[in-house]
There are 8 protein chains.
Amino acid sequence: GFAKIDHHRSLRLGLPEVIYAAGKTPQQVGEIFYRMAAAGSDVLATRADHAAWEAVRQLIPHASYHEQARIIGLRQNALAATFGPLAVICAGTSDLPVAEEAAVTAEYLGVEVERVYDVGVAGLHRLLAQGDVLGRACAVIVCAGMEGALPSVVGGLVAAPVIAVPTSVGYGAAFGGLAALLGMLNSCSPNVTVVNIDNGFGAAYVVAMMMRS
Amino acid sequence: GFAKIDHHRSLRLGLPEVIYAAGKTPQQVGEIFYRMAAAGSDVLATRADHAAWEAVRQLIPHASYHEQARIIGLRQNALAATFGPLAVICAGTSDLPVAEEAAVTAEYLGVEVERVYDVGVAGLHRLLAQGDVLGRACAVIVCAGMEGALPSVVGGLVAAPVIAVPTSVGYGAAFGGLAALLGMLNSCSPNVTVVNIDNGFGAAYVVAMMMRS
Amino acid sequence: GFAKIDHHRSLRLGLPEVIYAAGKTPQQVGEIFYRMAAAGSDVLATRADHAAWEAVRQLIPHASYHEQARIIGLRQNALAATFGPLAVICAGTSDLPVAEEAAVTAEYLGVEVERVYDVGVAGLHRLLAQGDVLGRACAVIVCAGMEGALPSVVGGLVAAPVIAVPTSVGYGAAFGGLAALLGMLNSCSPNVTVVNIDNGFGAAYVVAMMMRS
Amino acid sequence: GFAKIDHHRSLRLGLPEVIYAAGKTPQQVGEIFYRMAAAGSDVLATRADHAAWEAVRQLIPHASYHEQARIIGLRQNALAATFGPLAVICAGTSDLPVAEEAAVTAEYLGVEVERVYDVGVAGLHRLLAQGDVLGRACAVIVCAGMEGALPSVVGGLVAAPVIAVPTSVGYGAAFGGLAALLGMLNSCSPNVTVVNIDNGFGAAYVVAMMMRS
Amino acid sequence: GFAKIDHHRSLRLGLPEVIYAAGKTPQQVGEIFYRMAAAGSDVLATRADHAAWEAVRQLIPHASYHEQARIIGLRQNALAATFGPLAVICAGTSDLPVAEEAAVTAEYLGVEVERVYDVGVAGLHRLLAQGDVLGRACAVIVCAGMEGALPSVVGGLVAAPVIAVPTSVGYGAAFGGLAALLGMLNSCSPNVTVVNIDNGFGAAYVVAMMMRS
Amino acid sequence: GFAKIDHHRSLRLGLPEVIYAAGKTPQQVGEIFYRMAAAGSDVLATRADHAAWEAVRQLIPHASYHEQARIIGLRQNALAATFGPLAVICAGTSDLPVAEEAAVTAEYLGVEVERVYDVGVAGLHRLLAQGDVLGRACAVIVCAGMEGALPSVVGGLVAAPVIAVPTSVGYGAAFGGLAALLGMLNSCSPNVTVVNIDNGFGAAYVVAMMMRS
Amino acid sequence: GFAKIDHHRSLRLGLPEVIYAAGKTPQQVGEIFYRMAAAGSDVLATRADHAAWEAVRQLIPHASYHEQARIIGLRQNALAATFGPLAVICAGTSDLPVAEEAAVTAEYLGVEVERVYDVGVAGLHRLLAQGDVLGRACAVIVCAGMEGALPSVVGGLVAAPVIAVPTSVGYGAAFGGLAALLGMLNSCSPNVTVVNIDNGFGAAYVVAMMMRS
Amino acid sequence: GFAKIDHHRSLRLGLPEVIYAAGKTPQQVGEIFYRMAAAGSDVLATRADHAAWEAVRQLIPHASYHEQARIIGLRQNALAATFGPLAVICAGTSDLPVAEEAAVTAEYLGVEVERVYDVGVAGLHRLLAQGDVLGRACAVIVCAGMEGALPSVVGGLVAAPVIAVPTSVGYGAAFGGLAALLGMLNSCSPNVTVVNIDNGFGAAYVVAMMMRS
Ligand SMILES: Nc1ncnc2c1ncn2[C@@H]1O[C@H](COP(=O)(O)O)[C@@H](O)[C@H]1O
Ligand SMILES: Nc1ncnc2c1ncn2[C@@H]1O[C@H](COP(=O)(O)O)[C@@H](O)[C@H]1O
Ligand SMILES: Nc1ncnc2c1ncn2[C@@H]1O[C@H](COP(=O)(O)O)[C@@H](O)[C@H]1O
Ligand SMILES: Nc1ncnc2c1ncn2[C@@H]1O[C@H](COP(=O)(O)O)[C@@H](O)[C@H]1O
Ligand SMILES: [Mg+2]
Ligand SMILES: [Mg+2]
Ligand SMILES: [Mg+2]
Ligand SMILES: [Mg+2]
Ligand SMILES: [Mg+2]
Ligand SMILES: [Mg+2]
Ligand SMILES: [Mg+2]
Ligand SMILES: [Mg+2]
């Protein structure tokens, strides 16, 4: 076959391999999804558009599609929300797809999620009003584009690790997320780490790892 | 001579030309300073080190040297602090030379200055405690390195224009101020404009222009 | 709802929040516009295409669409042109959308605007012929792509702050506005500040702030 | 004073503020260290050279200097190694200062550390021989310069979060750590997050946060 | 004619010129292909889409189209697989087109190829299981996107030259293959050289040169 | 010997090879200078510091050193100023070394030079006052750092080719001359071409070529 | 009107303004073309697609369209080919549109052109065979993408100025012409100057200027 | 100890590990050199300055120092020049240290070397005169800075693989070797591969691998 599925991983890492649908044909996504489902594990496909979803649904009708998160999921083992809570925060409305990718992934990996959206730093009162959620979070994922300032501010408010996700939201000197990425890497809050631009999935995965290990 | 001093400028622009000492020998700085002083105008030299100061002091003993700001100044006309107040804010201790360059320049240009230093976003309470100063400022200059998030936060708190000065403070992916510069250019607070990295002088000059025009 | 509108802002900052339509569906733009209009404030949506306009017009028939500026506006409070005048200058015909975004925004924020278009530095006599406008302006917005030289030239001619807007006009080594942006940040005219590439809106907003504070 | 120490932080975040000695004079480092020590908390200063150490030792003789890590530390409260273990891994001999900055910081923050040094990917058997350490680690910090490939390889071997620290080791197209940074951000192992180039301190801090929250 | 075919090359270099179809119309590809075929040499066209293939097939019905490799080929002289073996390795499914471009080109140039696909470093056991292939290879081509770590790992395992091909697979900070390219250029395995992003053809060509000279 | 002097060049190109002293020891500069002088041609060495000059003077006492231009020259054939005039213009005092490198080179190549220095665009009247020089110039070299706007302005005023030389003058976002370079490449004046940052020599050489061919 | 045509230019510069059609609607191109034609001057529009050509042809039926060069031209004054010859050289077939933009522009500006196409450095004999053309050229324009090496090679063969035009031909690390641009700026042949990526027009314009001044 | 020497490598790869002296103290270089020598293998240390050489000479008096190549070597096994010949070519005098690093490394690895220095493309006749050497070479290493055009030209002349080494020679837009690196990666000669900037060692190592495998 064209793909060597890493069935091993769930043994080695405690979490299943996840299908990255972006570079694949709907047929390929469908086939890999089917083979992993047949092997009995939970299955996730990220960056899945409607065509991929149609291909999967054909083969596995009881899978679910999370449209805004662009995720196809199948839960076969009991992964109740036994870890957390994790706060998923985003700065503006346009960051929603990335934030949802993080939130849905985390939920599939057994983490309880609390969403705090549209609380960018230009109107700080919106964030400060969320003290309760921030206070009880074991970890925080912060998604922001443009100048990417939100993780630093959140980092100064919580006693928990912050996973910063720069998004490609913005124009001009945002350079497709580069401005936000550099900002987050240089955060003056020392509890901030960073994943790739728009990588909501990776942020959630690493949080699940933290909570399990 | 090697330099065509723009004596015209103070007529044209209402503010005198300012000597940029960085690329010049102490002798050159001294000579230009002397010629401008002789013409009767106020004189400022920025980025002036001790050698430049020695050269000027020899010729114009009543000039002053502002060490942290690296500015040599001479006040000959009555420029009392009739404009303002301007708040000059900086994020960390290392941003002080840039902030002082802005503050001292503004004072020479007749603007009253209130300094608010070391109030970076990782400890937000320090900034929020300065509500009074922020409330009365006609304009705000914000100097910050690393991720450069402070201007966006300040921009959301004040009803005044914010001039953001990225500083070259930081290391690694700060890239000599580039991270802060990009962050500030992409600020989600719409009242923020930006000057060159470490350009405290320019920020103050433009504020003086605003207040006079 | 998907958006936390910052109704607070007009109290805090003296100017209403502005809808950035680019990343939103027509339906979302329509709904936010409607809710802000219902709250009684003036409403602006920038980067609005015809689809967004159709959605808004359906709900608020007396709103206006400024096609070249890509702005939808609704005036509900008396904001006569009581500030200014502001000169909005652009270098070439292709910079017009950005210049109009600045000019229309400024007018909605109560600033009187004088437009000076297609006066790039390759034919300097066209700019020099506008001495009157330059002479009476309290502030100047200069939009230019390619090498972005116009703000420096204008900066040397006026006794007012210059807000430079780099545009993405050009090709090759223009790198989508980067060449103009870097040029403007390094202006040898000290009364120049800079906003993001193509950000006519931000330039106008900061000018309105200046004139009010 | 020139610095607003964030004494608050240890309440808010559960961990004390840490002095970044790089941009400060020895006198400033000494004074801040003294004030924090007097306040009764544990104190750390990173990027401290011998001059800073001399200044601190004068005031607080029972502080310690970790030369390779460039850290000055003072332990006043009982922070036994109650969390962990954390594996700190580095690729080559030249990455040692960064790895030590991470390891020493973690130890001060109460985390037990196991060091695995000089196990770069060009000789994989050296890493594979460390299966025991990798197997018991709750978290792993991986420091690597040049192509920065080590975190991806480690990430595939452990069921724990990996904090990747790009180092500025290398020459030519390493561009001061940029190559390693980009590599780590694009890791195909989803349990990898990234901090700034050479930021061993930040990696350790975030791990301590994870283990405590 | 619009093109000066370098018929000379096969004399000078021992290998025929190869048509780069990307910037050409189907007609141009067809015509050049026809002229080279008529001159009696083997002919290859890379980056050929279906339209180019249609144009060639019209004129030379016995040519072949390798769809995944996007190569049109015509074998007229006996170039049996007399050199090698060459191992062509790729990290993930999305790197397949580039790997196939390398593999098919090499086969046309008389090199025996062994394909080892989807063995990225996040699941190292997949690569380590290929010891036999690696052991007998005279040269190895490694195609990888994202962080581009695979060539360094392979380089440490084989006693043969490794030609690394960065691919444009990835998103965000992958910057279209730049991250992989920089990683490969900084490989700590000294037997690694690099060709342009996505240049599977060039990698194969240089290997054929090595084996013949 | 370590160098293959291209004695041929003066036959082929009509102008002698020129020694680039920057990467060479004083001894090497001296020896090459001596061998070229012995061959009877005019000799130039650029980027020559005092040590190089001492080494040459030892061997060829009648050579000359142009300190500000950092050029050592020896005139052996009659190269009166029979071409031109060429105007060499610079924006600020700090651009002088580059402008002098251009002017002195041109003079050695037989071109008459008129110098117009310190006429940056922030004070346009200084340039406009030079109408006579601009009017009679057959070619113009314009050296400018920071935003590099001067060549565009000059280009619009003269009916002659403009060779733009970006200089590394500036700080922060000047990025060592990159801002000026990009600006000049995107000039809206179509009679502008560009040479490398700080390459006054190349600009003069190409002008000499133009005038002779 | 939306455009201030610089009718002045042909007096000032000896050559007419040229319409840059890229950012304009067909209607705008048509109208400006018509107004300039009515004023009696020669007219050129570059970057003109078929739609622009249709709009112009409607109004000025005797204008001509040069498809490969993407130029619309109208000759009204006697500009016979009285200058030159100019050699226009390109490296590969894909550089043809840029080379033709240069050649056609030059011809309209009264310069005789000799075309030498598809003579890239990988097959040097093709270029060396053109000794005659190179020998009689008063100036040379060299268009090349990818590594952009051709201008350096040509520069070493001719006693004339070389205008290098980097093209956006290539992929991967060609970065849209950046690799060629940087290569040309660093040419070791001192008679090379550079214009913007793909700017065949500018190269021709500057050559016409040279020949006339 | 601080270093895990990969003694294995010479078994695995057929060639010994090589010490990279740049980031190490003279003592460390001395100690590693000694331990490897004691193990009986040939030993090489690259990027070794005089201090490192003194430290090694103390311990291993019969080692040799190649000053221009900055290499310390010790031959203990019979590695006569049994492979090759390899041509090592460089463009200019300033590229000599990199070319020598390649040549000396190759000789230690048993490869016969022919040096062809100072044959840059601006004077092509110098290279063309070396037809014999080029004709018999089994592989060619080409070192060039500035525009890095030489490998493409050489690549078109030889029927052998070309390893291109960009050097950091140049200034301004050479950006420390970046221009040459990009040029070489985009070579239109398909037999060219590339190593890191200034990495003469790596180029030689890969050639030795080719010849042995
Ligand atoms: N054209 C624009 N460019 C940059 N910012 C804008 C623009 N239009 C509106 N904004 C800002 O975008 C924010 C609204 O973003 P959102 O919540 O996503 O609608 C407000 O703070 C506005 O000030
Ligand atoms: N090595 C380091 N790298 C990055 N941040 C640091 C480092 N050491 C301390 N910090 C942070 O820098 C801040 C102190 O900065 P300052 O107020 O300038 O001393 C604290 O928030 C620390 O968490
Ligand atoms: N292909 C081209 N590339 C660069 N500049 C051009 C081109 N064609 C025309 N121009 C210049 O563009 C200017 C006209 O711009 P516009 O006023 O926007 O039509 C004139 O100064 C021309 O010299
Ligand atoms: N000049 C050099 N450039 C790049 N890599 C080198 C160089 N010299 C030695 N190496 C490699 O560096 C590694 C040794 O690194 P280290 O363990 O730090 O001594 C070995 O794998 C060598 O192959
Ligand atoms: Mg919002
Ligand atoms: Mg502080
Ligand atoms: Mg125009
Ligand atoms: Mg090692
Ligand atoms: Mg896979
Ligand atoms: Mg001046
Ligand atoms: Mg060809
Ligand atoms: Mg030479």
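1. In chain C, C:S64 sits opposite C:G73 of β4(C). That spot belongs to the β3(C)–β4(C) pairing, with β4 covering residues 71–74, which is antiparallel over three bridges. Strands here are DSSP E runs of at least two residues, and helices H or I runs of at least four, numbered from the N terminus; two strands pair if DSSP finds at least two bridges between them.

2. A note on the basis: this is a predicted model, where local features need pLDDT of at least 70 and side-chain atom pairs pLDDT 80 or more, while totals for chains, interfaces and linings use all residues. Residues are numbered from 1 along each chain as its sequence is written, chains are lettered from A in the order written, and side-chain values use heavy atoms, without hydrogens or water.

3. Back to the sheet: it is open and mixed, with four strands ordered β1-β2-β4-β3 in chain C. β1 (19–20) and β3 (64–66) of chain C are the edge strands, each pairing on one side only.

4. Helix α4 (residues 96–108) of chain C lies across β2, β3 and β4, at about 10° to β4(C). Angles run from 0 to 180 degrees between N-to-C directions, with axes fitted to C-alpha atoms, for helices over the stretch in contact (contact: heavy atoms within 4.5 Å).

5. Now the D–A interface: 29 residues of chain D contact 29 of chain A. About 2,400 Å² is buried between these chains, 66% of that from carbon and sulfur atoms; buried area is the accessible area (1.4 Å probe) lost on putting the two parts together, summed over both. On the chain D side, D:L185, D:P190 and D:T193 lose the most area to chain A, together 24% of what that side buries.
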